[in-house]
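Colleague: I am new to this structure. Could you walk me through how to read it?
Modeller: Gladly. Let us look at the picture and start with the whole chain.

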Amino acid sequence: MSWLASVITLFPEMFPGPLGQSLAGRALEDGVWSIRTHDLRAHGLGRHRAVDDTPFGGGAGMVMRPDVVDAAIGAATEGLDLPLVYLTPRGRRLEQADIRRFAAGPGVALLCGRYEGVDERVLEARAVEQYSIGDFVLSGGETAALVLLDACVRLLPGVMGSEQSGVEESFSDGLLEYPLYTRPAEWQGRAVPPVLLSGHHAQVEAWRKQQAEDATRVRRPDLWAAYADRTPQRNGLPV
Ligand code: SAM
């Protein structure tokens, strides 16, 4: 059984979109993963197949109706035991650890919001996990779903060329990745750091760790604080 993405959306034609290309596209063709889309509109009400209504309490925009969303969730998850995720800026921030958990399971069901979002009651009733891909507002959940799926699919067995590339990348050890260099060794007067040409593996490793720590400390104080908390310290710096 391949890893399954079951996507509930008003725009099924947005899938697999960019995930039909490159690594994810090849894996899709090879059956490593599969995708089913469920058109919310098919569960809409009345002649116009309405899926939304005005918000109780007033305010701008429209809200996706709980009865319509519930029917779509029912169709998208029938006979399946998948985690059900709603992509929303109100959710917990999606992290690599969550991606690893989803990738290790049988797949994921994704609810893509539009308008102002989804009626809260259906999220409670269906025990939906809520995740945000960052502190900004997209026009719809489809691009967020594609982000989540891209991150999961590349972790599925056999998808990445080198198994090692999943082990050493950003977040794998709580740090950002070290900077990368390739040929030519000198470009526009900029030389590759000499240690990388030295052939001394231990020195290369030490340099990369230092670079990863420096980048994390400067760019992501939140990650740095968590890393420093669980790493032995000398003079306030990890050893
Ligand atoms: N009124 C909502 C709010 O302020 O939180 C924003 C609604 S947004 C215009 C429409 C849909 O885009 C959301 O229901 C959600 O599915 C998706 N979306 C927007 N930003 C997102 C983000 N940062 N992460 C995940 N999904 C997002």
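Colleague: What distance separates the centres of domain 1 and domain 2?
Modeller: A word first: this is a predicted model. Taken over C-alpha atoms, the two centres are 36 Å apart. Domain 1 covers 3-153 of the protein chain, and domain 2 covers 168-238.

Colleague: How many helices and strands does the protein chain have?
Modeller: Eight helices and 11 strands. Along its principal axes, the C-alpha trace spans about 70 × 45 × 35 Å. The protein chain has 239 residues, and 28% of them count as buried.

Colleague: What share of the contacts joins residues 24 or more positions apart?
Modeller: The share is 76%, counted among contacts with a separation of 6 or more in the protein chain.

Colleague: Now the sheet. How do I read one?
Modeller: Start from the general idea. Strands of a sheet pair through backbone hydrogen bonds, and the pairing is either parallel or antiparallel.

Colleague: In what order do the five strands of the open sheet stand here?
Modeller: Read across it as β2-β1-β6-β5-β7, with parallel pairing. From one strand to the next, the twist averages 35 degrees.

Colleague: How many bridges join β5 to β7?
Modeller: Five, and these two strands run parallel. For a landmark, find Tyr 86: Gln 130 in β7 stands opposite.

Colleague: Which strands of the sheet does α5 touch?
Modeller: α5 packs on the sheet and touches β1 (3-9), β2, β5 and β6 (107-112). The direction of α5 makes about 165 degrees with that of β6.

Colleague: Let us turn to the ligand. Which residues come nearest to it?
Modeller: Look for Leu 87, Gly 113, Leu 138, Gly 141 and Ala 144. They come nearest of the 19 residues around the ligand.

Colleague: Which elements each supply at least two residues of that shell?
Modeller: β5 (84-93) and α5 (141-153) do. The largest share comes from β5, with four residues. Keep both elements in view: β5 also pairs with β7 through five bridges, and α5 also packs on the sheet.

Colleague: What is the make-up of the shell by class?
Modeller: Eight residues are nonpolar, eight are polar and three are charged.

Colleague: Where should I look again?
Modeller: Go back to β5. This strand stands between β6 and β7 in the sheet order, and β5 gives four residues to the shell around the ligand.

Methods. Residues are numbered from 1 along each chain as its sequence is written. This is a predicted model: local features need pLDDT of at least 70, side-chain atom pairs count only at pLDDT 80 or more; totals for chains, interfaces and linings use all residues. A residue is near a molecule or strand if its C-beta atom, placed from the backbone, lies within 6 Å of it. Ala, Val, Leu, Ile, Met, Phe, Trp, Tyr, Cys and Pro count as nonpolar, Asp, Glu, Lys and Arg as charged, and the others, Gly among them, as polar. Two strands pair if DSSP finds at least two bridges between them. Axes are lines fitted to C-alpha atoms, for helices over the stretch in contact, and angles run from 0 to 180 degrees between N-to-C directions. Two residues are in contact if their C-beta atoms, placed from the backbone, lie within 7 Å. Domain bounds come from an automatic or database domain assignment. A residue is buried if 20 or more other C-beta atoms lie within 10 Å of its own, exposed if 12 or fewer, and partly exposed in between; C-beta atoms are placed from the backbone.
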